Amino acid sequence: MYSPSISGVAANSESGSRIFIYEVEGMRQNETTDQMSQPIRRSGSVFITVPYDRMNQEMRRIARMGGKILSIRPSNGTAETNGQVAPVSTGQQSQKSEATPKPMTQAKEKVQVPVNLYKPANPYIGKCISTEELVREGGDGTVKHVKFDISGGNLHYLEGQSIGIIPDGTDKNGKPHKIRLYSIASTRHGDDVDDKTVSLCVRRLEYKSPETGETVYGVCSTFLTGLEPGADVKITGPVGKEMLLPEDEDATIIMMATGTGIAPFRAYLWRMFKENNPGYKFKGLAWLFFGVAYTPNILYKEELEQLQREFPDNFRLTYAISREQKNVDGGKMYIQNRIQENADELWDLVQKPKTHTYICGLKGMEGGIDEGMSAAAGKFGVNWADYQKQLKKDHRWHVETY
Ligand SMILES: Cc1cc2nc3c(=O)[nH]c(=O)nc-3n(C[C@H](O)[C@H](O)[C@H](O)COP(=O)(O)OP(=O)(O)OC[C@H]3O[C@@H](n4cnc5c(N)ncnc54)[C@H](O)[C@@H]3O)c2cc1C
């Protein structure tokens, strides 16, 4: 991934290359910034060199880090630009920062949560890059991983947020369709780690009409799962602060998902284990409970199991496969049965201040989870409902069901 350097003059002064200098305030970055001598320190600004083809991404990154761009100037590799003296450093500063090159992303990013950057009246028009079937042969229904190009504007997001989709066409009254929300399944950097995409995990809604018995397909989920690469899609958001991941690299993250509820957890796990983020090196414990109907319905199965093999000390994976596995009473294996099996350990973890629990997926899954946790807490004479209230107050119990 691209990591621009903070320096007084352009780091890349190759003849003909197009480099710009952003003057930014509001970002206290790292030792490199702090060691800079006047005029940078006196102005309170930092100067960031940015190649032309990274300008949009860099603007978004600066916004995420709480910075404000005061000016953008072309650089020809010297302090003199278009006859004007750009307020950049002297050669001495340049040498200093080049001698100790430190990518800005080494600093802990104090990230602002972006919300409603694009509203329904003026949605972002993204492009479908790909759709990939996630349900394997013998599985139930259709679930697709859908990736969009969002490189053209200012749409950015954090793990755990959702975006809105406005499907093409009109409803039965001839009005534009209303928005449907979808949890984002990619990290803030996107599946290609280039800050240019956002991905979703979408199940096509399909049910028998209670009145006619005919098969009915959901409007937006059918639209999304049927997209062709290159198609334009109206996107709003991002929204949601409930499911954000704590910045603590030593946290314990317990995740309970059914079906497409895996989406935000895919984003967490990819951030924790697949990306090499200088500002976030996960060293804690992530434990995923994943409930599905059949083995072929285990979404992202290969990748999840690969992570488990690679990070056995930091990642635990527990499936509940309702139509194939049996619980201790001989009934179907649901996620709450797995909670009950692991109740003592979960109760132990949940009490630790570093532990966050996340629940995502089908409405109704919470009931069983509460039953399991009640049994565990009850063993120690604790009332689960009261305890859970406190966890919610402490922002350590996060639920998004639909
Ligand atoms: C925060 C949030 C995150 C979400 N994340 C995801 C996600 O990651 N992936 C995902 O796939 N979905 C997700 N959803 C659900 C998504 O927003 C849509 O609701 C879903 O895709 C269905 O929309 P649709 O337009 O296809 O269906 P619609 O055309 O809107 O049809 C839905 C309607 O069909 C009716 N209906 C549905 N089932 C039945 C039934 N069995 N019997 C009779 N009537 C029925 C109900 O009236 C229902 O309101 C999320 C929802 C929320 C709120």
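Colleague: Which residues come nearest to the ligand?
Modeller: This is a predicted model, where local features need pLDDT of at least 70, side-chain atom pairs count only at pLDDT 80 or more, and totals for chains, interfaces and linings use all residues. Residues are numbered from 1 along each chain as its sequence is written. A residue is near a molecule if its C-beta atom, placed from the backbone, lies within 6 Å of it. Of the 20 residues around the ligand, those that come nearest are Tyr 207, Gly 218, Cys 220, Ser 221 and Tyr 402.

Colleague: Which elements give two or more residues to that shell?
Modeller: Helices (H or I, at least four residues) and strands (E, at least two) are DSSP runs, numbered from the N terminus. The elements in question are strand 9 (180–183), strand 10 (197–203) and helix 5 (219–225).

Colleague: Is Val 202 buried or exposed?
Modeller: Val 202 has its place in strand 10. Its contacts (C-beta atoms, placed from the backbone, within 7 Å) beyond four places in sequence include Tyr 182, Ser 221 and Leu 224. A residue is buried if 20 or more other C-beta atoms lie within 10 Å of its own, exposed if 12 or fewer, and partly exposed in between. Val 202 has 28 other C-beta atoms within 10 Å, so this residue is buried.

Colleague: Which strands stand at the edges of the open sheet of five strands?
Modeller: Strands pair if DSSP finds at least two bridges between them. The order is 16-15-14-17-18, with parallel pairing. Each edge strand has a single partner strand, so one side is left without a neighbour in the sheet: these are strand 16 (315–321) and strand 18 (397–401).

Notes. Contact = placed C-beta atoms within 7 Å.
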